[in-house]
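Here is a walk through one protein model. Have the sequence and the 3D view ready, and follow along.

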Amino acid sequence: MTTIKRTGIHYAWVVLAVTFTCLFVASTLRSVPGIIMLSLEHEFHWSRETISGAVSVNLLLFGLAGPFLGRLMDLYGTKAITVIMLTLVTLGAGGSIFMQEPWQLYLFWGVIIGAGSGGTSIVMGSTVVNRWFRQRRGLALGILGAAFSSGQLIFTPIIMNLNMQFGWRAVTLFIALMLGLVVLPLVMMFMANNPGIKGLQPYGDNGRAAPEIPPDPNPMRSAMASPQFWLLAFSFGICGFTTSGLFQTHLITHGIEHGFPEMTMAVSLGVMGATDIAGTVFSGWLCDRFGKRWPLAIYYALRGVSLMLLPYVESTGQLMAFSVVYGLNWLSTVPATSALTADLFGKQNVGVVFGWICFAHQVGAALASYGAGYLHGLFGNYTLAFMTSGLFALVATGLVMNIRE
C-alpha cells in the first residue's frame, strides 16, 4: 500500500470525528430509560421491576451483539455494519412511540434498540481507532470515550425538559430524528473502513509500517485460554455493574426519592458527563505515556469509595461534588481496557475480542439494572444496591492489578 502525501489533516481525524458524532448521539439511548421511567409508570401503571427488566434486556443484547458485530467489522469494515445498525436503532426508537403494552417495551427498547445499538458502541470506536491510528491511539480512544460523556452532558437536560414539557414520546421521536437525519447521512458520506481506501497509511506510520495483518481465523480460542482475557472481562463486567446499568437506569429516580428535583438530577448527570470528558481524554493521555494497569486500578478504587458514599448525599452541593468525583472515572476505564486488549490479543482481532469483553460489561450492567430495581422493590430504596456496587468496584481494583502489560 503506497502512502499518498497530503497536506492538511490526516483523514484518520475525519473518520474519528464521524465516529465521535455517531457515539455522541447514540449515547442518548443509554440515558432515556432512566429519564422516562416515571412517565411510563404514571401513564401505563407498569411496575419499576417491569421497566427495569426491559432495560436489562436492552443492556444484555447491546453487549451480546458487540462481539458478533465486532467480528463482522474486523472482516468487512465498519461502514456497512454501522449503517445497518443505525437504521435498526432509528426504526426501534420511532416505533416505540406507538407502544401500549409491556411486551412492546421489551420488543422496541429491549430487543431492537438493544441489539442495534451494539453497532454504535465503543466496540465500533475501538475497531476504527486500531485500524486508523498507530500513534495517539490512547488519545483517540479517550476522545471516543468522551463522546458518551459529552452526549450525556448535552442531551440529558434537553431530553429531560422534553419529557417534562411534551412527554416521553417527544423524547423518543427526537432521538429517532437525530439518528436518522444527522448521524446516518454522515456515516454514509464520510466513514471509510481503512486507510488503504484513501491511499493512506494509518496515522503515525509515516510510510514505514508493515502491511495490514488480517484477522486470525479463530482469535477467541487463544484469547479465552489466557487468564489475561478473563481478568479484563471480569473487571470490565464490574465496570458495567457500577455505571450504565445502575446509574443511567436508577440514579434519577433515586435522587427524586431523596427530594431532589428532576432537573437537578439531570444537571447532576450532565456534570458527570462534563467531568468525564476531561477524565476520559486524560485517561487516554495517561495510557499513552505511563501504561494502562495502574491508572485502571486507581479508577476502580475511586469509583468504589464514591459509590459507598452516595446513599449519604443529602444536599445539592454534596450531589454536585459526588458528580464531579464519579464523573472523572466513569468511562476512564475504556481507553485503558481497549488498549490492553489490542496489546495482548492483536490489533487485527480487537473487534471480536474487545466485543466479548464489552459483552461482560453489559452482563454486569443488565444485572445491576434489574437487581437494583428488585432490591428497591424489597427495601424501598437503593442503599444496598449502591453499597454492593461499591464493594464490587474494589474487587475490580484487585483484578486489574494482576493484568500483565
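A residue counts as buried when its relative accessible area is under 20%, as exposed when it is over 50%, and as partly exposed in between. Keep in mind that this is a predicted model.

Start with glutamate 41 and arginine 48. Both residues are buried. Their side chains form a salt bridge, with 2.6 Å from N to O. For arginine 48 the relative accessible area is 14%, so this residue falls under the 20% cut-off for buried.

Arginine 48 has another partner. Its side chain also meets that of glutamate 257 in a salt bridge, at 3.5 Å from N to O. Arginine 48 sits in helix 3 (residues 48–76) and glutamate 257 in helix 11 (residues 244–257), so this pair ties together parts that lie 209 residues apart in sequence. Glutamate 257 has a relative accessible area of 38%, so it counts as partly exposed. Shared partners join Glu41, Arg48 and Glu257 into one network of salt bridges.

How many salt bridges are there by this rule? The count comes to 4. One of them pairs the side chains of arginine 169 and glutamate 43, at 2.9 Å from N to O. This pair, too, links distant parts of the chain. Arginine 169 belongs to helix 8 (residues 168–190), glutamate 43 to helix 2 (residues 28–44), and 126 residues separate them. Are these two buried or partly exposed? Arginine 169 has 27% relative accessibility and is therefore partly exposed. Glutamate 43, at 37%, is partly exposed as well.

Now turn to the nonpolar residues. The largest nonpolar core holds 114 residues. Within this core, Leu40 and Phe247 touch the most other members. Domain 1 (8–198) and domain 2 (219–404) each supply at least three residues to the core.

Look at leucine 40 itself. Which residues does leucine 40 touch, not counting those up to four places away in sequence? They are His45, Trp46, Ile51, Met99, Leu105 and Trp168.

Finish at threonine 78. This residue is found in helix 4 (residues 78–95). Its relative accessible area is 1%, so threonine 78 is buried. Neighbours within four places in sequence aside, threonine 78 is in contact with Met73, Thr127, Val128, Met191, Ala192 and Asn193.

Key
Residues numbered from 1 in each chain as written. Predicted model: local features only at pLDDT ≥ 70, side-chain atom pairs only at ≥ 80, totals over all residues. Heavy atoms only, no water. Core = buried A, V, L, I, M, F, W, Y, C linked by side-chain atoms within 4.5 Å. Buried < 20%, exposed > 50% of the residue type's maximum accessible area, 1.4 Å probe, protein only. Domains from an automatic or database assignment. Contact = heavy atoms within 4.5 Å. Helix = DSSP H or I, 4+ residues; strand = E, 2+ residues; numbered from the N terminus.
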